Amino acid sequence: AMLSIGWMAMLMAVQWSIGFSVGNQFTGMTLHMTNRELLVMGYVCTALGYVLTPLNAYIIDNLRSKDGKYRVFIKLAIPSMALTLVSIWLPYEQARGISRYLMIAMLFVIGQVQGYVQNWVKTGVSNMVHVITPNTQERTKIMTITSIIYSAGYTINNMYYPLMVDILSPNGDKYNMRYFRGAYTPVALLMPLVLLAYFGTRERLVLPKSRITKMSFTTSMRAVAGNKIFWIKCADGWNDFLEGAKGNLWDWMVYRAHIMKSTTYGILNNLCYNAQFWGMLFSPWFIKKFGKKKIKIFKNIAQIFLIASFFLFYKTSWAGVGLFIVNFIDRFVDTGNVIDAAIESDMRDNQQYLTGERIDGAFGFIQSYAGGVIGAVTGLF
């Protein structure tokens, strides 16, 4: 229960980050960085990630802490909150009046520091479920319970942000500093609740106490590179840039084409996300009945047809209704919160069974390196 509540608070408190992707709502739409500037800065961030990712993998796989492999990072919740507040309230508009490059430099420096610390908090909380028990059936049930509780964070977010647009932006245009500062400051202050996930959990890994190993980069990479489950899972995640198209299109049609009020959008979007509840609730039964692989294949095939259906209605007068129906069905068949997490846990346990070593950080290390290249290409779309 404490993990779930801490996780829910984390999902609400980490919504703010400074990104440089094309079309970013803050750096692009509000502070008016050009697409070319955003693309270049995005590549700079990717290159920096290539430098930091091996360090992060080494820290995860070799850090020896009495608080455990992941639980230790949850303690960074308070520093993360302080950095988030600073990154929201820096005088970007005044800096832009002096020089665009000064503004971009401010965004880059504070964005990278705040994002780095915030990502460690997210890593700690979201990975606790993989190590809270070594029993795969018990772990799946815990994932189901926690996902039902922490998904309330999504529900609140989907109601809160559109409502704040109507409160803080009389013209319904959310691309202004008043909206971002007024909407994101209160949720950033929820970060101390994330510490419930620290005080309410313990890690339980099957490891010999007598042996302390040091995992080198080459050893970890060789082991993970041969794990075919890992590569299938990565490929499934790398095509999610198409999945994001549904949310981006709906968001654009509300805030640019104004097909509905922001509050109405929040209510409908909230109903869509709550459709996940039933899939999460019955996930343990579905897994036992059909297996994780068949469920994932069905989900991916269904989502192809859902994305293709956009072409039937997005230029019509009932585009809002069509977007709601498609997103509702998409969330109903979405299995990521439980099934994907269960696959991830089994993958790590299987790797430990095969090699005798517990490898966690190297999975993210290779995924980030390969994913960075793929993301650089998909980002052009």
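Which residues of α7 are buried? The legends below take up this question first and then turn to other parts of the predicted model.

**Figure 1. Helix α7 and the residue that caps it, Asn135.** Helix α7 runs over residues 136-150 and has 15 residues. From its first C-alpha to its last, α7 reaches 20 Å, close to the 21 Å expected at 1.5 Å a residue. The buried residues of this helix are Arg139, Thr140, Met143, Thr144, Thr146, Ser147 and Tyr150.

Figure 2. The protein has 20 helices and zero strands. It is made up of 381 residues, of which 47% count as buried. Among the contacts with a separation of 6 or more, 79% are accounted for by residues 24 or more positions apart.

Figure 3. The buried residues are Leu3, Ser4, Gly6, Trp7, Met8, Ala9, Met10, Leu11, Met12 and Ala13. What covers them includes α6 (100-131), α7, α8 (152-168), α9 (177-188) and α10 (196-199).

**Figure 4. Arg71, in the loop between α3 and α4.** The loop that holds Arg71 lies between α3 (35-62) and α4 (77-89). Is this residue buried or exposed? Arg71 has 13% relative accessibility and therefore counts as buried, since buried means under 20%. Its side chain makes a polar contact with the side chain of Asp67, at 3.4 Å. Not counting residues up to four places away in sequence, Arg71 touches Met128, Tyr198, Thr201, Arg202 and Glu203.

Figure 5. Leu281 and Ile145 are 136 residues apart in sequence, and their C-alpha atoms are 7.8 Å apart in space.

**Figure 6. Helices α8 and α14 in contact.** The axes of α8 and α14 come within 8 Å and cross at roughly 170°. The two helices are therefore roughly antiparallel to each other. From α8, the contact is made by Tyr154, Thr155, Asn158, Met159, Pro162, Leu163, Val165 and Asp166. From α14, it is made by Ser262, Thr263, Tyr265, Gly266, Ile267, Asn269, Asn270, Tyr273 and Asn274. By class, this contact has eight nonpolar, eight polar and one charged residues.

**Figure 7. Helices α14 and α18 in contact.** The axes of α14 (residues 262-274) and α18 (residues 319-333) come within 7 Å and cross at roughly 25°. The two helices are therefore roughly parallel to each other. The contact is made by Leu268, Leu271, Cys272 and Tyr273 of α14 and by Phe324, Asn327, Phe328 and Arg331 of α18. By class, this contact has six nonpolar, one polar and one charged residues.

Technical notes: Residues numbered from 1 in each chain as written. Predicted model: local features only at pLDDT ≥ 70, side-chain atom pairs only at ≥ 80, totals over all residues. Heavy atoms only, no water. Helix = DSSP H or I, 4+ residues; strand = E, 2+ residues; numbered from the N terminus. Expected span 1.5 Å × (residues − 1). Buried < 20%, exposed > 50% of the residue type's maximum accessible area, 1.4 Å probe, protein only. Polar contact = N/O pair within 3.5 Å; in protein donor to acceptor, adjacent residues only side chain to side chain. Contact = heavy atoms within 4.5 Å. Axes fitted to C-alpha atoms, helices over the stretch in contact; angles between N-to-C directions. Parallel < 35°, antiparallel > 145°, perpendicular 65-115°, else oblique. Nonpolar A, V, L, I, M, F, W, Y, C, P; charged D, E, K, R; others polar.
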